[in-house]
Amino acid sequence: MKLVWKLLRQHISIPQFVGFFFANLVGVVIILLGVQFYNDYKALDQEDSFMKADYLIVNKKIGALSGLTGSSNTFSKAEIEELEDEDFVERIGAFTPSSYSVKARFDVEGFVNFSTEMFFESVPDEFVDVKSDAWDYQEGSDEIPIILPKNYLDLYNFGYAQGKGLPKLSEGILGAMKLNIQIAGNGNSDSFDGRIVGFSSRLNTILVPEKFMRWANEQYADGNATKEPTRLIMEVNNPTDDRITSYLQDRDYETDEDKLDASKTTFILRVIVSIVMIVGVVISILSIYILMLSVFLLVQKNSSKLENLLLIGYSPAKVSFPYQALTVGLNVLVLILAVAVMLVVRNIYLAMFENFFPDLEVPGIIPALCVGVVLLIIVSIFNIIAVHGKVMSIWRRKE
Amino acid sequence: MNKIQLIHTLPNVFQNRTDIVSDIWNQDVTFEKGKMYLVEANSGTGKSSLCSYIYGYRHDYQGKILFDGEDISGYTVAKWTNIRKKHFALLWQELRMFPELTAWENVEIKNKLTGYQKKKQILEWFDMLGITDKLNAKMGKMSFGQQQRVALIRSLCQPFDFLFVDEPISHLDDTNAEIMGRIMTAEAQKQGAGIIATSIGKHINLAYEKVFNL
């Protein structure tokens with residue numbers, strides 16, 4: 001093979017390959033950085049892992065009069081259907097409130113001991129982003145998964161505990177502890193263990209699985225249990241859509257406005273990252289085009305050598321191999337260098353992120369690496385086939 | 001492979017000619033392994049075409065060519081590669097050497113592929129043909145006659161059932177032609193192979209079984 005390479009490396013144009021190398025490097029770096037940056041940004045954005053950013057929570061405004069006149073702040077069936085028909089809405093679900101009394105007690109050996117009246121709400125399970133087995137209630141079991149508002153934890157940590165000199169509690173510690181829950185109604189009274197699966201900064205309510213809520217409402221509700229919901233949760237296809245704001249305003253509905261802004265930012269960022277990545281892809285495609293052109297030119301210039309090799313018994317695969325190895329080797333080199341450049345750039349922007357989010361946990365670089373390797377494989381297969389095709393055309397003497 | 005048969009084979013360029021008088025074109029001809037043949041021709045009668053057809057290099061003919069009774073028109077790339085590596089050796093009229101490589105490397109590039117001849121044997125042939133001093137000379141710098149001798153050595157660096165030599169001594173003096181004949185015959189006998197030589201006038205002296213006029 002050494003002699004074959006000595007023959008076939010004749011006419012290799014170094015400037016062309018250097019040109020390809022840097023052009024493709026720029027393209028691949030842009031693609032990898034796009035993937036990596038988007039992932040890293042998502043980690044910043046996702047302080048709430050239970051709800052996606054493009055879920056909105058809608059309720060009716062409670063005015064000064066509505067309380068007095070008794071005008072309803074619940075959503076009627078017709079109103080929900082009307083909202084569902086809007087084409088900016090992907091799907092919609094209602095908050096179901098509990099129709100029974102709930103008392104919770106929380107004991108931490110000697111430190112904390114509080115007990116409170118509270119309530120439960122549930123939303124359709126498809127809106128809750130928790131692993132399904134953690135968010136499952138088995139009928140008859142006395143363990144209920146619960147999501148609490150993050151505010152509660154903050155109230156305790158920064159208000160109550162601070163004032164009383166009690167230890168602060170992290171989400172992890174609380175997750176390991178049980179909440180004693182007393183449910184009563186309809187002449188029944190039972191005791192349950194509440195298992196805190198997490199804290200949400202988006203939901204200002206105490207969330208239990210839909211399944212539990214349905215069962216409990218049947219069991220403990222007094223009489224006419226079916227109430228109309230006061231809050232709706234909906235997924236929208238484009239949070240930047242102006243129609244959402246105007247629709248809600250027209251009907252005096254409220255939503256968590258700042259979250260709408262946050263999801264707008266995410267959406268715009270996603271668009272920008274996509275555009276940047278498309279630019280990267282275009283640069284890469286063009287550079288690979290340069291590579292193929294220069295390899296084809298090389299094959300052309302060396303066509304008589306290639307033909308003679310074929311005629312003295314070398315197989316097309318053997319003759320193609322040096323050029324295939326050359327292109328694939330260049331691609332591998334580009335990928336390695338691109339990953340290195342990506343890591344350097346990433347360290348720079350992560351350092352900046354850390355100023356704003358000191359305890360930031362960033363995801364790994366596996367997704368970006370996967371994208372890089374997949375690209376490498378696709379491009380290499382394409383190169384290998386193209387070179388082989390070119391050599392076969394020499395075999396068939398179609399040049 | 002024991003037998004090459006041409007059945008009414010005719011180059012496409014000759015198909016409208018009615019004046020073809022040939023022992024090979026449009027006839028039924030058989031070449032057998034172990035025997036030596038000479039194909040004599042005037043230039044332009046398709047001597048190199050014949051070699052190209054049998055070698056799977058060109059397919060612009062009508063009629064049939066059979067190897068051991070098998071029609072070669074459907075042969076795959078892999079099959080042709082195998083034939084060129086293990087069954088047919090060919091010394092091209094235009095040599096098809098690599099001018100960028102030295103004489104030694106030109107032979108080595110073939111022998112590396114087949115791993116057939118010992119280095120000692122190759123060096124002996126270089127010596128017999130009087131070109132040992134050219135071993136490390138670039139092919140492009142050598143005369144055609146010297147290149148012809150290297151080309152013969154290269155063609156022998158493989159197992160073969162048939163050795164085709166297309167005008168092998170066109171640029172050689174009689175002494176070297178004679179040595180070349182001896183080397184070819186010895187190697188063919190060793191392998192039990194046949195030889196098919198072509199010439200336009202000056203032909204290499206071998207114990208021909210049959211002489212065809214193309």
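**A guided reading of chains A and B**

Chain A contains 12 helices and 11 strands, where helices (H or I, at least four residues) and strands (E, at least two) are DSSP runs numbered from the N terminus. This is a predicted model, in which local features need pLDDT of at least 70, side-chain atom pairs count only at pLDDT 80 or more, and totals for chains, interfaces and linings use all residues. Residues are numbered from 1 along each chain as its sequence is written, while chains are lettered from A and ligands numbered from 1 in the order in which they are written.

Of the 399 residues in chain A, 28% are buried. A residue counts as buried if 20 or more other C-beta atoms, placed from the backbone, lie within 10 Å of its own, as exposed if there are 12 or fewer, and as partly exposed in between. Among the contacts in chain A with a separation of 6 or more, 84% join residues 24 or more positions apart; two residues are in contact if their C-beta atoms, placed from the backbone, lie within 7 Å.

The nonpolar cores come next. Such a core is a set of buried Ala, Val, Leu, Ile, Met, Phe, Trp, Tyr and Cys residues joined through C-beta atoms within 7 Å. The largest one has 92 residues, and those with the most contacts inside it are A:L32, B:F162, B:L163 and B:F164. Helix α2 (residues 14-45) of chain A supplies the largest share of this core, nine residues. Apart from it lies another core, of 36 residues, including A:Y55, A:V128, A:I183 and A:L207. Leaving aside residues up to four places away in sequence, B:F164 touches B:C51, B:F88, B:L90, B:L91 and B:I196.

Within chain A, helix α10 (residues 303-311) and helix α12 (residues 366-395) have axes that come within 9 Å and cross at roughly 75°. Axes are lines fitted to C-alpha atoms, for helices over the stretch in contact, and angles run from 0 to 180 degrees between N-to-C directions. The two helices α10(A) and α12(A) are therefore roughly perpendicular to each other, a term for angles of 65 to 115 degrees. On the α10(A) side, A:S303, A:L306, A:E307 and A:L310 meet A:V391, A:I394 and A:W395 of α12(A). By class, this contact of α10(A) with α12(A) has five nonpolar, one polar and one charged residues; Ala, Val, Leu, Ile, Met, Phe, Trp, Tyr, Cys and Pro count as nonpolar, Asp, Glu, Lys and Arg as charged, and the others, Gly among them, as polar.

The buried residues in α10(A) include A:K305, A:L306, A:L309 and A:L310. They cover an arc of only 140° around the axis, which puts them on the same side of α10(A); the arc is that of the directions from the helix axis to the C-beta atoms. A:G313, with a positive phi near 110°, follows α10(A).

The contact between the chains takes 16 residues from chain B and 14 residues from chain A. On the side of chain B that touches chain A, α2 (77-86) and α3 (103-114) of chain B are the elements that give two or more residues. Of these, α3(B) gives the most, with six residues. By class, that side of chain B has six nonpolar, two polar and eight charged residues.

B:D68, in the loop between β4 (61-67) and β5 (70-71) of chain B, has a positive phi of about 50° although it is not a glycine. B:E167, in the loop between β7 (162-166) and α6 (174-191) of chain B, also is not a glycine and has a positive phi, near 50°. With 11 C-beta neighbours inside 10 Å, B:D68 counts as exposed, whereas B:E167, with 23, counts as buried.

Terms used: Parallel < 35°, antiparallel > 145°, perpendicular 65-115°, else oblique.
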